[in-house]
Amino acid sequence: MQLGVIGLGRMGQIVVDRVLDAGHDVVAFDLSAEATAAAAEAGAEPADSVGDLYDRLEGEVSEPSNRTGSEATREGGDAGARIWLMVPAGDPVDATLDDLESHLTGDDVVVDGGNSHFEDSVRRAEATDAAYLDCGTSGGPAGAELGFSLMIGGPEWAYEELTPVFDAVATGPAGHDWMGPAGSGHYVKMVHNGVEYALMQAYGEGFELLHNGRYDLDLEAVARTWNNGAVIRSWLLELCEEAFREEGNDLGDVADRIEGGSTGTWTVQEALEQEVPVPLIYQALAERFDSREERFGRRLASRLRYGFGRHDVPRKDE
C-alpha cells in the first residue's frame, strides 16, 4: 500500500517509520524542509508541497467519483489516494484540507490522526469530497517502538481499506478499531484523555500522601511493587516509577505546574451537555488549571481568615 503523510513532527515521523517498516510505501511532506528530508532519509519519497504529494500518490481513478466522503460505499476498481494528516489540531488541519481540496475525489481517503475536536471532524467529513476518517491516537512517543492505540470514526469501507496501514501504525490488529460514524473516533479519544486526567490525579494524590505521610518511603520502590501484580498497575504507574528514579523521591526541581487541558475541557463540556456527572475528571481538570498561576481567590481567602480569626497572613516574600 502507498500512503501520503502530511505533518512530520514527532508523531508524524513515527507513522512514517512504522508504515515503512511494515513494507508499505510512503510519500511525505512537511512545511519544514528538514523534517521532510529526515523522512526521506528514513526511506520515504519526499514531496515539495501538499499538491505535489497528491500527484505522487498512485492509484488515482481516471474519472472523478460522484461519491462524497460521508456517503461513499466500497466499490470495485482502482483505489484512490490514501493520505494521513498528522498536523496540529485546529486551523492547520483546515489549511491542509484547503490545499488538498482541488485534488480530492470520493475515492480518496483522508485520515486525521491529530487531537481534533469531534465536532470539527464531523464538519470536515461533511465538507470534504474524500472519505474522512477521524483517528484518535494514543501512545505518545513510546508508540515508536510499541505502536499506537487508534480509535477511528468515519465510513467503514474506508476504515477497512486502510486496515493494513492501521495494523502497521497501531500495536497490531488489536490496537485499532472502527468506532462508528464521523466524529466518533475523536469523541472516544476525547473521553480517553479525560480518563487519563483523572488517573494522573489519583496517582498524584496517593503519592503525595505517601510523600508527606508518617513513613520515610522509597516512592520508586512503592511504584515498582504496585506495578507487579497490584490492582492499580498500569503504564502510568510505570511512568511514576521512572519519574522517581530519574528525579528523586521528592521530584527534585520539577515545578508544580501542569500544562495541557484542551481535551479535558472538551470532555467536561460534553458531560455537562449530556448531563453525565464526571466529578473526578472535572476535579483533575480544575487542579491542572489551578497549578498555573497564583489565584486571587486564594489570596482573598487568606486575608479573610485574618479578618474573622486574626490568623497570620502569609506574604509573598516570606
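Leaving out residues up to four places away in sequence, Asp134 touches Asp112, Ser121, Met151, Ile152, Gly153, Gly154, Pro181, Ala182, Gly183, Ser184, Gly185 and His186. The structure is a predicted model.

**Asp134**

- Asp134 belongs to strand β6, which spans residues 131-138.
- Asp134 is buried but forms no salt bridge. The nearest side chain of opposite charge is that of Arg124, 9.5 Å away, whereas a salt bridge requires a side-chain nitrogen of Lys or Arg within 4 Å of a carboxyl oxygen of Asp or Glu.
- A polar atom of the Asp134 side chain lies 2.9 Å from the backbone nitrogen of His186. His186 is also among the residues that Asp134 touches.

- The model contains 1 cavity of 30 Å³ or more.
- The largest cavity has a volume of about 40 Å³, and its lining consists of Asn115, Ser116, His186, Lys189, Met190, Thr263 and Trp266.
- Two or more lining residues come from each of the elements α9 (184-212) and α12. The greatest contribution is that of α9, with 3 residues.

**Loop between α11 and α12**

- Leu251 is located in the loop between α11 (235-247) and α12 (262-274). Although Leu251 is not a glycine, it has a positive phi of about 65 degrees.
- Leu251 is partly exposed, because its relative accessible area is 31%.
- Gly261 is also placed in the loop between α11 and α12. Gly261 counts as buried because its relative accessibility is 8%, and the cut-off for buried is under 20%.
- With neighbours within four places in sequence set aside, Gly261 is in contact with Tyr197, Leu285, Arg288, Phe289 and Arg292.
- Gly261 and Tyr197 are 64 residues apart along the chain, and their C-alpha atoms are separated by 8.8 Å.

**Loop between α12 and α13**

- Glu275 lies in the loop between α12 and α13 (279-290).
- Glu275 is not a glycine, yet has a positive phi of about 55 degrees.
- Glu275 counts as exposed because its relative accessibility is 72%, and the cut-off for exposed is over 50%.

Note on methods: Residues numbered from 1 in each chain as written. Predicted model: local features only at pLDDT ≥ 70, side-chain atom pairs only at ≥ 80, totals over all residues. Heavy atoms only, no water. Helix = DSSP H or I, 4+ residues; strand = E, 2+ residues; numbered from the N terminus. Buried < 20%, exposed > 50% of the residue type's maximum accessible area, 1.4 Å probe, protein only. Lys, Arg positive; Asp, Glu negative; His and termini not counted. Polar contact = N/O pair within 3.5 Å; in protein donor to acceptor, adjacent residues only side chain to side chain. Contact = heavy atoms within 4.5 Å. 1 Å grid on protein atoms, 1.4 Å probe; cavity = no way out; pocket = protein on both sides within 12 Å on 5 of 7 lines; lining within 4 Å. Points joined across faces, edges and corners; volume = space filled by probe spheres on them.
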